[in-house]
There are 2 protein chains.
Amino acid sequence: MSHDMSTQIQLARRPKGWPVHEDFATVTVEYADPAPGEVRVVNEFVSVDPYMRGRMSDARSYVAPYEIGGVIAGGAIGRVVASAAEQLPVGTVVLHQHGWTDVIQADASKFRAAPEVTGLPNSLRLHMLGMTGLTAYVGLTAIAGLREGDTVFVSGAAGAVGTAVGQIAKLLGAGRVIGSAGTAEKVALLTEKYGYDAAFNYKDGLVRTQLAEAAPAGVDVFFDNVGGDHLEAALASMNRGGRLALCGAIAAYNATERQAGPSNMSKMITESLTMQGFTVGEHWDKAPAFTELMTGWFMDGKIAYDETIVDGIDNTIDAFLAMMQGANTGKMLVRI
Amino acid sequence: MSHDMSTQIQLARRPKGWPVHEDFATVTVEYADPAPGEVRVVNEFVSVDPYMRGRMSDARSYVAPYEIGGVIAGGAIGRVVASAAEQLPVGTVVLHQHGWTDVIQADASKFRAAPEVTGLPNSLRLHMLGMTGLTAYVGLTAIAGLREGDTVFVSGAAGAVGTAVGQIAKLLGAGRVIGSAGTAEKVALLTEKYGYDAAFNYKDGLVRTQLAEAAPAGVDVFFDNVGGDHLEAALASMNRGGRLALCGAIAAYNATERQAGPSNMSKMITESLTMQGFTVGEHWDKAPAFTELMTGWFMDGKIAYDETIVDGIDNTIDAFLAMMQGANTGKMLVRI
């Protein structure tokens with residue numbers, strides 16, 4: 001049977017600070033024919049995401065840490081090539097969470113059929129039309145309570161989530177939308193392609209100063225992917241009654257030293273601010289409404305996106321490391 | 001006419017760090033007979049509160065800074081001794097915000113009649129039955145969304161607000177209630193008098209360690225009067241979906257150096273926490289419901305309280321400084 005060999009990337013040990021290749025092990029698995037109820041899937045795209053760094057540590061967290069010797073789980077989309085489960089016949093496109101592997105065979109219940117949408121590439125199901133887009137939507141609506149005319153600041157705005165946040169915010173009626181990114185090219189993309197009204201390079205100077213200049217009337221909603229000095233800067237610029245949606249803190253993910261927090265937490269009291277952390281896993285109930293809305297926006301040509309694609313399962317670790325260092329614009333994907 | 005001389009304490013300059021006597025000026029004002037519409041009030045009690053330190057600085061904040069050369073405004077209760085306003089005849093007990101003065105004469109609209117409640121001293125209107133109690137109630141209910149059985153941690157629990165928070169939390173159905181204070185005497189009072197299930201002295205060791213021991217099953221609601229290491233400790237102990245009501249940050253009020261914030265802000269995301277700062281001034285609409293509830297609890301003998309009383313308007317500055325340094329148990333008041 002075809003595709004019976006699978007290349008899989010496991011966690012070999014828990015990274016300290018920035019992950020290195022030695023923290024992972026690549027293994028080959030040979031599958032027998034699917035047992036009754038099983039399917040075999042050849043992946044088309046595998047996702048690498050910032051949250052995965054968290055699962056590589058064993059800190060108490062909202063999802064269990066990856067097990068040492070286990071495959072790095074995460075989003076992927078592929079096609080059924082062998083099936084012993086009638087609900088997922090050969091040829092079906094499926095979404096799943098089996099992660100960093102080129103071929104995966106498992107019980108059919110672990111895969112979800114993902115009917116193709118004419119004119120939209122399957123890869124979108126791993127970002128704008130999937131978890132990434134839902135994260136942006138939930139953060140802006142359920143968490144930050146976005147209101148018509150709000151000034152919105154997005155940190156790490158050229159990442160997968162950030163490029164979704166800016167566009168969704170504008171489509172939902174935000175006023176001024178401001179983003180930060182780490183290269184001049186990304187900053188240009190934010191205003192030229194992603195609908196941001198203003199953007200700055202956080203390496204060009206203090207975030208606090210640059211944000212204050214970009215948002216002279218203050219910030220009503222902060223969507224944070226970075227933490228650290230971005231959070232402190234946002235607190236300094238927040239308007240009374242402002243809302244902070246904390247989605248990611250990539251600044252701290254690879255830190256080995258204790259990171260000092262914002263020095264201006266008292267702004268929470270003096271400006272009656274609300275800060276809420278969230279993870280999209282608790283908001284799947286909003287997926288149907290989001291998917292309908294987002295598909296409509298795509299059909300109307302209202303959503304731009306970028307993909308940074310790396311080819312081959314063997315390059316997954318490099319793709320992950322590059323993404324953590326900001327090498328991607330938009331969504332980082334591994335194409336099998 | 002009697003009581004025509006008034007002693008008033010003004011802000012002479014903005015304090016740097018801990019306030020000193022030289023930051024204030026005591027002046028004597030002689031009043032003419034009340035003009036039509038005016039009343040003259042002799043204060044019985046004058047309040048000194050932590051928030052006043054904030055108004056002495058000129059930082060942008062939720063209330064305007066005190067003006068240099070202006071009287072320190074704040075809560076007080078007194079009795080009308082001369083009246084040219086029929087709605088407030090001589091003898092009426094009134095609440096007002098004229099602050100640090102023994103006698104005050106002004107338009108009747110600046111005073112609010114405060115009918116005496118049989119058996120309850122007037123001073124309670126400046127704390128448990130007034131702004132202090134309302135602050136505790138609003139923080140627990142509207143801000144933290146207290147639920148039956150929640151474990152609650154209160155920092156600075158032996159202060160005016162803290163002694164109210166512990167008792168109200170228990171009366172509203174909280175499970176375990178834990179408090180911190182800065183002396184062994186205060187710690188004892190928390191469990192013996194104020195209904196706390198556990199308490200510790202934050203000077204005895206790391207707040208983080210002591211809180212983890214006192215709350216082995218974690219914290220659901222944090223009511224913060226202190227900030228700093230208390231906030232960091234609370235973040236470390238918060239259960240998933242926990243709520244943090246930030247009421248005060250006395251640890252930072254007199255700081256002249258930049259204070260590092262919590263090093264564990266990422267807990268906001270990993271545990272889906274909500275943190276909200278508030279000031280009671282935005283929640284006066286809840287005062288009638290609170291007053292009815294609290295008066296009932298008092299009548300049923302369910303509320304304990306302490307007052308630390310300093311006599312004489314000339315000792316107001318010392319009372320304020322002592323309160324900032326934690327010399328009070330319960331409410332610090334100046335009796336005229």
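Biologist: How much area is buried between domain 1 of chain A and domain 2 of chain A?

Modeller: About 1,300 Å². Carbon and sulfur atoms give 53% of it. This is a predicted model, where local features need pLDDT of at least 70 and side-chain atom pairs count only at pLDDT 80 or more, while totals for chains, interfaces and linings use all residues. Residues are numbered from 1 along each chain as its sequence is written, chains are lettered from A and ligands numbered from 1 in the order in which they are written, and side-chain values use heavy atoms, leaving out hydrogens and water.

Biologist: Why is this called buried area?

Modeller: Buried area is the accessible area (1.4 Å probe) that two parts lose on being put together, summed over both. The size of an interface is often given in this way. Here, A:His127, A:Asp306 and A:Thr329 supply 29% of what domain 1 of chain A buries against domain 2 of chain A. That is more than any other three residues.

Biologist: Where do the domains of chain A run?

Modeller: Domain 1 covers 5-127 + 306-335, and domain 2 covers 131-281. The bounds come from an automatic or database domain assignment. The C-alpha centres of the two domains of chain A lie 29 Å apart. In contact (heavy atoms within 4.5 Å) are 20 residues of domain 1 of chain A and 16 residues of domain 2 of chain A.

Biologist: What makes A:Asp306 and A:Lys193 a salt bridge?

Modeller: A salt bridge needs a side-chain nitrogen of Lys or Arg within 4 Å of a carboxyl oxygen of Asp or Glu. The distance here is 3.0 Å, N to O, so the pair meets the rule. The count between the two domains of chain A is one salt bridge.

Biologist: Why is the pair of A:Phe24 and A:Trp100 called tilted?

Modeller: Rings of Phe, Tyr and Trp (its six-membered ring) pair if their centres lie within 6.5 Å; planes under 30 degrees apart count as stacked, over 60 as edge-to-face and the rest as tilted. The centres of A:Phe24 and A:Trp100 are 5.9 Å apart and their planes stand at 40°, so the pair is tilted. Ring pairs also link A:Phe24, A:Trp100 and A:Phe320 into a cluster.

Biologist: What does the pair of A:Phe24 and A:Trp100 tie together?

Modeller: A:Phe24 lies in strand 2 (residues 24-30) of chain A, and A:Trp100 in the loop between strand 5 (93-96) and strand 6 (103-107), so the pair ties together parts that are 76 residues apart in sequence. Helices (H or I, at least four residues) and strands (E, at least two) are DSSP runs, numbered from the N terminus.

Biologist: How do you know whether A:Phe24 is buried or exposed?

Modeller: Buried means under 20% relative accessible area, exposed over 50%, partly exposed in between (1.4 Å probe, protein chains only). A:Phe24 has 7%, so A:Phe24 is buried. A:Trp100, at 0%, is buried too.

Biologist: Where does A:Phe298 lie?

Modeller: A:Phe298 lies in helix 9 (residues 287-299) of chain A. Its relative accessible area is 9%, so A:Phe298 counts as buried. Beyond four places in sequence, its contacts include A:Leu120, A:Leu124 and A:Leu129. The C-alpha atoms of A:Phe298 and A:Leu129 are separated by 9.1 Å, yet these residues are 169 residues apart along the chain.
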